[in-house]
Amino acid sequence: MDDVPLPLLKVQELRTGFVVGGQSVSILNGVSFELSQGEVMGVVGESGSGKSMTALSIMRLLSRTRLAVTGGKVLWLGRDLLTLDDKAMQRTRGKEIAMIFQDPMTSLNPILTVGRQMTEALQFHLKMGKSASVSYGQELLELVGIPDPARRMREYPHQFSGGMRQRVMIAMALSCDPRLLICDEPTTALDVTVQAQILELLKRLAKERNMAVILITHDLGVVAGLADRVCVMYAGNVVETGTVDEVFKQPQHPYTLALLKCVPGLDHPRKEAIPTIRGAAPDLLKRAPGCMFRPRCTYAVATCADVEPKLRGAASMQQRACHVNIWDKLSTKSDTKQTN
Ligand code: SF4
């Protein structure tokens with residue numbers, strides 16, 4: 001029998017939380033997904049759904065918060081990152097897995113030149129000498145479309161525009177040729193035209209380098225344009241996953257369906273309100289039994305109150321965490337202005 005190649009990243013039942021007033025609170029409540037080499041996966045959901053927390057837990061960057069991983073596995077080529085000692089994790093972070101954040105200004109050190117910040121990582125991870133790291137740094141700036149890289153290396157972050165700063169962050173993230181790049185809302189702080197340029201750049205680089213990308217965003221349009229697969233998160237769980245085509249054409253979870261209905265089309269009548277999802281995101285301090293989406297869901301059945309739905313189906317297929325097949329019900333249900 002042929003050996004089945006390991007997924008690059010396999011997250012299994014990942015739980016992250018904190019203790020408040022003697023009570024343990026789960027922010028991530030058993031997140032599971034897989035990612036293959038060269039695959040771009042979009043992670044979507046409302047604020048507070050656990051998207052960024054998943055990324056920080058994978059990267060083990062929770063130490064400055066009161067949060068800690070409380071269970072599960074993060075298998076990187078079969079090796080559980082959660083069990084690595086700090087030194088081994090530091091070697092993996094940056095070299096094999098890199099991350100870029102929403103606001104490049106807060107990620108760059110304002111009192112060091114861009115060149116100094118770029119060469120530091122190269123010297124640390126790749127053991128390059130000073131002059132080799134400077135010329136490779138210039139090469140990387142050129143790769144991400146920054147003109148006159150030799151001069152730009154001598155400048156400080158405040159001398160760069162928002163878009164150029166994000167290009168610097170991408171160059172730094174790529175410096176050690178990582179196999180996985182995690183992008184946490186990489187274009188939210190940028191204006192629309194610069195957003196499009198940065199996304200196009202990410203798409204090109206991912207393809208050229210056969211690099212896997214986890215793209216965290218609240219923008220479904222970005223996912224449609226860039227990702228191969230999508231993971232929809234709600235209340236610290238993955239509630240649906242599949243290829244972009246599957247999930248966007250025939251969503252299986254009521255929350256995904258509701259999110260998609262909230263995206264205004266070009267033909268949306270100007271005087272008509274844009275649909276919203278009724279209710280608010282749940283209070284994670286008060287996790288009730290059953291499905292966390294139930295108070296906002298009109299497809300709910302009795303089981304939903306008691307039994308927490310789990311993702312069903314093989315990881316390579318479209319999966320949903322819902323007790324109901326909504327497509328059985330959709331034909332008999334009339335649409336309302338609200339999505340549920
Ligand atoms: Fe709605 Fe029930 Fe599905 Fe939850 S499990 S999304 S409440 S139908």
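**Close-up views of a predicted model**

**View A. Leu77 in the loop between strand 4 and strand 5.** Leu77 is placed in the loop that runs between strand 4 (68–76) and strand 5 (79–80). The model shown in this and the other views is predicted. The phi angle of Leu77 is near 50°, which is a positive value in a residue other than glycine. Leu77 has 36% relative accessibility and therefore counts as partly exposed.

**View B. Glu185 in the loop between strand 7 and helix 8.** The loop between strand 7 (180–184) and helix 8 (192–209) contains Glu185. Glu185 is not a glycine, yet its phi is positive, at about 45°. Is Glu185 buried or exposed? Its relative accessible area is 10%, so Glu185 is buried; the cut-off for a buried residue is under 20%.

**View C. Helix 7, its span and its cover.** Helix 7 covers residues 162–174 and has 13 residues. At 1.5 Å a residue the helix should span 18 Å, and because its end C-alpha atoms are 18 Å apart, the model agrees with that expectation. How many of the 13 residues of helix 7 are buried? The count is 11, so the helix is mostly covered. Gly163, Ala171 and Ala173 are among the buried residues, as are Val168, Met169, Ile170, Met172 and Leu174. The buried list also includes Arg165, Gln166 and Arg167.

**View D. The salt bridge between Arg15 and Glu13.** Across the whole structure, a search finds 15 salt bridges. One of the pairs is Arg15 with Glu13, whose closest N and O atoms are 3.1 Å apart. Arg15 counts as partly exposed because its relative accessibility is 26%. Glu13 has 35% relative accessibility and so also counts as partly exposed.

**View E. The salt bridge between Arg116 and Glu120 in helix 4.** The side chains of Arg116 and Glu120 meet in a salt bridge, with an N to O distance of 3.6 Å. Both residues belong to helix 4 (residues 114–125), and because they are 4 residues apart, about one helical turn separates them. An α-helix has 3.6 residues a turn, so residues three or four places apart point the same way. Arg116 is partly exposed, since its relative accessible area is 45%. For Glu120 the relative accessible area is 42%, and this residue is therefore partly exposed too.

**View F. The salt-bridge network around Asp148 and Arg151.** Arg151 forms a salt bridge with Asp148, and the closest N and O atoms of the pair are 2.7 Å apart. Which residues do salt bridges with shared partners join into one network? The network consists of Asp148, Arg151, Arg152 and Glu155. Asp148, at 41% relative accessibility, counts as partly exposed.

View G. Lys87 lies in helix 2, which covers residues 86–95. Is Lys87 buried or exposed? Lys87 counts as exposed because its relative accessibility is 62%, where the cut-off for an exposed residue is over 50%.

Key
Residues numbered from 1 in each chain as written. Predicted model: local features only at pLDDT ≥ 70, side-chain atom pairs only at ≥ 80, totals over all residues. Heavy atoms only, no water. Helix = DSSP H or I, 4+ residues; strand = E, 2+ residues; numbered from the N terminus. Buried < 20%, exposed > 50% of the residue type's maximum accessible area, 1.4 Å probe, protein only. Expected span 1.5 Å × (residues − 1). Salt bridge = Lys/Arg side-chain N within 4 Å of Asp/Glu carboxyl O.
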